[in-house]
Amino acid sequence: EREADELLGQTGISPVSRINALTVLGHIRARRGDPGVSPLLDEARSLAERTEELQRLGPVAVARAEASWLEGDLERTAAEARSTYRMSLEKDGEWLRGSLAVWMHRAGALTVAPANIPRQCALEIEGDASAAAEEWARLGCPFERAVVLATCRAPSAAEEARREFERLGADAARRRV
């Protein structure tokens, strides 16, 4: 967060660097439930759209979809991911494709996992949240693991997700659970 703020405070930084810093800062603030998320992610999207590149648009779309999900707006979650997800189907970007597919799935807008996505994304879309959570844990991604647990119907999984979000300082995610 500190590095992103410092970078954004500099004059003359490249649009690509600005996109990355805005996206990181927006992601952090959304997870914590801090104010000012929309202006950051709006600017990031505006800059990314000018590039027409999946590698710029994808992370912004993922952050915007997650922020919408954290606010409980599933329709907007799907809308934020949809166009970039479609672009990802024609490009070589399995991680972005998988991330966007998962947000589409969590919003109820995707029921079948696309080809060539990371295992944990496919597992979640296919309905094996427990195995998906294990994969995220194996990769050392506690936030992603907790999100998968939060989508489970089991009260013990939701409680575990809530505790993990609390440990991470992800108050918006904790409230969502």
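The protein exposes about 9200 Å², and carbon and sulfur atoms supply 46% of that area; accessible areas come from the Shrake-Rupley method with a 1.4 Å probe, and for residues only the protein chains shown count as cover. Please keep in mind that this is a predicted model, in which local features need pLDDT of at least 70 and side-chain atom pairs count only at pLDDT 80 or more, while totals for chains, interfaces and linings use all residues. Residues are numbered from 1 along each chain as its sequence is written, and side-chain values use heavy atoms, with hydrogens and water left out.

Now for the fold. The protein has 11 helices and 0 strands, where helices (H or I, at least four residues) and strands (E, at least two) are DSSP runs numbered from the N terminus. The radius of gyration is 16 Å, close to the 16 Å that the globule rule gives for 177 residues, so the protein is as compact as a globular protein of that length. That radius is taken over C-alpha atoms, and the rule is 2.2 Å times the number of residues to the power 0.38. Along its principal axes, the C-alpha trace spans about 50 × 35 × 30 Å.

Of the 177 residues, 46% are buried; buried means under 20% relative accessible area, exposed over 50%, and partly exposed in between (1.4 Å probe, protein chains only). Among contacts with a separation of 6 or more, 44% join residues 24 or more positions apart, a contact being heavy atoms within 4.5 Å.

Which aromatic rings meet? The count comes to 3 aromatic pairs, with rings of Phe, Tyr and Trp (its six-membered ring) pairing if their centres lie within 6.5 Å; planes under 30 degrees apart count as stacked, over 60 as edge-to-face and the rest as tilted. One of these pairs is F143 with F165, tilted at 50° between the planes and 5.3 Å centre to centre. F143 lies in helix α9 (residues 142-151) and F165 in helix α10 (residues 155-168), so the pair ties together parts that are 22 residues apart in sequence. F143 is buried at 6% relative accessible area, and F165 is buried too, at 0%.

Helix α9 also holds R145, which is partly exposed at 21% relative accessibility. Leaving out residues up to four places away in sequence, R145 touches A133, W136, A137 and E160.
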